[in-house]
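Please walk me through this structure in plain terms.

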Amino acid sequence: MKKLLRSVAAVTAAAALTFTSAAYYTSSVRPDSLGKAVAADDCNDDWLHAKGSRLYDMNGNEVWLTGANWFGLNCTENVPHGLYARDVDDLLKSVADHGINIIRFPISTELLLSWMDGSPLPVSSVQASYNPPKDEVGEDGTVTPAGKYGNINREFVEEDGKTLKDSMAIFDVIMQKCKKYGIKALIDVHSPASHNSGHNYNLWYYEPTAEDCDGMATGHFSKKKITWDDWKDSITWLAKKYANDDTILAYDLKNEPHGKRGYNGTECPANMAKWDDSTDKNNWKYSSEECAKSILAVNPHALILIEGIEQSPMFNRGYTWNDTDKFQPEPGEEKWYGAWWGGNLRGVRDLPVLPESGQIVYSPHDYGPSVFAQTWFKKDFTTQTLLDDYWTETWAYINKENIAPLLIGEWGGHMDKGKNQKWMELIRDYMIDNHINHTFWCLNPNSGDTGGLLDPTFMNWDDNKYSLFEESLWQTDAGKYIGLDHQVALGDNGLSLNGFYSSGAKSNLDGGKAGGGEPVIVDKTTTTTTKPVTTTSTTSKQTTTATPKVTTTTSEPVGEIVWGDANCDSNVDMSDVVIIMQSLANPNKYGLNGTEKSHITAQGLLNGDVDKQSVGITAGDSLRIQEYLLHKVETLVPGTSK
């Protein structure tokens, strides 16, 4: 069985790689032009995409991201906290055994820049040694085995057993350890500078009118102002570095953009985050969209997480971004909607970010009254009052109306046996009932606002808090935790995605596609007949007459070609990329005569054959559709230059 699954992984990964590699960039080409792939590892089959409010793997199976935060890479230590006390292998094994299938890693742009520039910052507050690094034979012949003493975080040190590696090398080790235990990673740009309170800064770049810019947006180590381009380029660099390694599934572009309008001035200040249709750098909609395009250019399979802002004007009352706020307004005099930092996603309704890409996930943060006594807590609140007073119009509508998936990037707090604990239970149950992805804040015990899932030693779990949180983890009815890796099970008490979907087990995922059968190795050799067809294709963006390339093995009648609509649902989106990938990776199941109900059809083969460089459905067709969705090409009609 192991040999079979390993072979299947190679086949599936090869199919997935065909698409990723064509979109990977080398340093010799411009960031907005296609380059040639470098060699990838053999675990590249776990990328996800969005359809409506849900996330799916490349086989069309629904997945649920249920994880936690582990901070420290955003701080001046340049490494996740707690590794001064505990071995990373031991810690991550425990995380996996406790059912956490994804970790959100906050990081600073300053640290990313140091990696990108080839001068990785050093780490501190880490205990790492390997003494002795090799077996030692004493004069009396006694052998002291390698690592007998001081054997902790041994892969963080060089071959001498004591020289600490730099921050980038240690990060790479941590990612490999995540891979080992079936844990996925989500990278969160938490602050411009390496700063233990960097989340307090409003923006994602140096803005001279911001009072704290010199402390929060000037490098702690580099002493350089961190620009808008630094922010975009450095996270894109990391996405490129890991484009062929699906350990990192997603990128959260900025933690908690925020800022308040204030009570004076005639223009919206440049030091607060806003959401409008301008190209102002403090317009979070514009900035996040530009950054998303940059990342998707180097890895079109990455999920892009977009947080909200803090305040937005009451457009329904005629107010705009330039109108001042009102201090302590009477009922009916309010001008602005408030929210948690990063929590306000009202702007998505009219101004969504790359809605056709299939890779956008909106990620509000939400907290209880122990963090701040918001107005919606000043009553005997319930789920319904929270929805009415805050959740629905601020972020929940995105999930309810099937606009896009949500991932609550931060939720959590102290177990006070009172209002805060009540809120934690209510939001937990709401996320379960509505299948909302989430990452709990946090693993670390050293978060003053919330505490953590681990005790102050980083060695033990807070059983009470974990018990509350554990119900929200993706798991089977029998209590097996479900990971996001197709091959590697999630810890000792978990399943891989293949293991889960081939088992037919039920889970607390409300409507996930069950079943799928045993993975098989298939012969990809097919017999084809090519015939010219002259058609007219009309979509919302394409109208032309052309003679396409067609490869098919059936006499099934076909109709008018809609270029790019490979799954024949009258839309061109990421689901068309997925069906092409599936048909190539597993033609017995998803090919023209496949056993799966949703297999590609003759009409789909015609619609999807958009790449002029090849005959029939190939990796190039998938890539061209992705380029079209990213607005890198204007049409999908074969033979056109745009």
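What percentage of the 642 residues in the chain do buried residues make up? Buried residues account for 58% of them, where buried means under 20% relative accessible area, exposed over 50% and partly exposed in between, with a 1.4 Å probe and protein chains only. This is a predicted model, in which local features need pLDDT of at least 70 and side-chain atom pairs count only at pLDDT 80 or more, while totals for chains, interfaces and linings use all residues. Residues are numbered from 1 along each chain as its sequence is written, and side-chain values use heavy atoms, with hydrogens and water left out.

Confidence comes next. The mean pLDDT of the chain is 85, with 84% of residues at 70 or more; pLDDT is the predictor's confidence in each residue, on a scale from 0 to 100. Over residues 1-41 pLDDT stays under 50, and the model has 89 contacts beyond four places in sequence for this stretch. Residues 512-555 also stay under 50, with 104 such contacts. A contact means heavy atoms within 4.5 Å.

The chain has 15 helices and 23 strands. Helices (H or I, at least four residues) and strands (E, at least two) are DSSP runs, numbered from the N terminus. Of the contacts in the chain with a separation of 6 or more, 69% are between residues 24 or more positions apart.

Helix α3 (residues 109-116) is mostly covered, with 7 of its 8 residues buried. The buried residues are Thr-109, Glu-110, Leu-111, Leu-112, Leu-113, Ser-114 and Trp-115. Their cover includes β5 (102-108), α4, β10 and α6. After α3 comes Gly-118, which has a positive phi near 80°.

The structure holds 29 salt bridges, a salt bridge being a side-chain nitrogen of Lys or Arg within 4 Å of a carboxyl oxygen of Asp or Glu. One of them joins the side chains of Lys-177 and Asp-89, at 3.0 Å from N to O. Lys-177 lies in helix α4 (residues 167-180) and Asp-89 in helix α2 (residues 88-97), so this pair ties together parts that are 88 residues apart in sequence. Both Lys-177 and Asp-89 are buried.

A second salt bridge links Lys-184 with Asp-246, with the closest N and O atoms 3.3 Å apart. Lys-184 belongs to strand β10 (residues 184-191), and Asp-246 to the loop between α6 (228-241) and β11 (248-252), so the pair ties together parts 62 residues apart in sequence. Lys-184 counts as buried at 2% relative accessibility, and Asp-246 is buried at 0%.

Lys-274 and Asp-276 also form a salt bridge, their closest N and O atoms being 3.0 Å apart. Lys-274 is buried, with a relative accessible area of 8%, and Asp-276 is buried at 12%. Elsewhere, salt bridges that share partners join Arg-104, Asp-188, Asp-252, Glu-307 and Glu-410 into one network.

The largest pocket holds about 1600 Å³ of space. On a 1 Å grid over the protein atoms alone, a pocket is an open set of points where a 1.4 Å probe fits, with protein on both sides within 12 Å along at least five of seven lines, and lining residues have an atom within 4 Å of a point. The pocket is lined by 50 residues, of which Glu-310, Ala-339, Trp-340, Phe-372 and Gln-374 are the closest to its centre. Helix α8 (383-400) and strand β14 (336-337) each supply at least two lining residues, and α8 gives the most, with 3 residues.

Some backbone details remain. Most residues other than glycine have a negative phi, and most peptide bonds are trans. A cis peptide bond joins Asn-131 and Pro-132, with omega about -15°; Pro-132 sits in the loop between β6 (129-131) and β7 (136-137). The bond from Trp-441 to Cys-442 is also cis, with omega near 5°, and Cys-442 is in the loop between β17 (437-440) and α10 (463-470). Phe-458 lies in the loop between β17 and α10 and has a positive phi of about 65° although it is not a glycine. Phe-458 counts as buried at 2% relative accessibility. Ser-125, in the loop between α3 and β6, has a positive phi of about 60° and is partly exposed, with a relative accessible area of 44%.

How values were computed:
Points joined across faces, edges and corners; volume = space filled by probe spheres on them.
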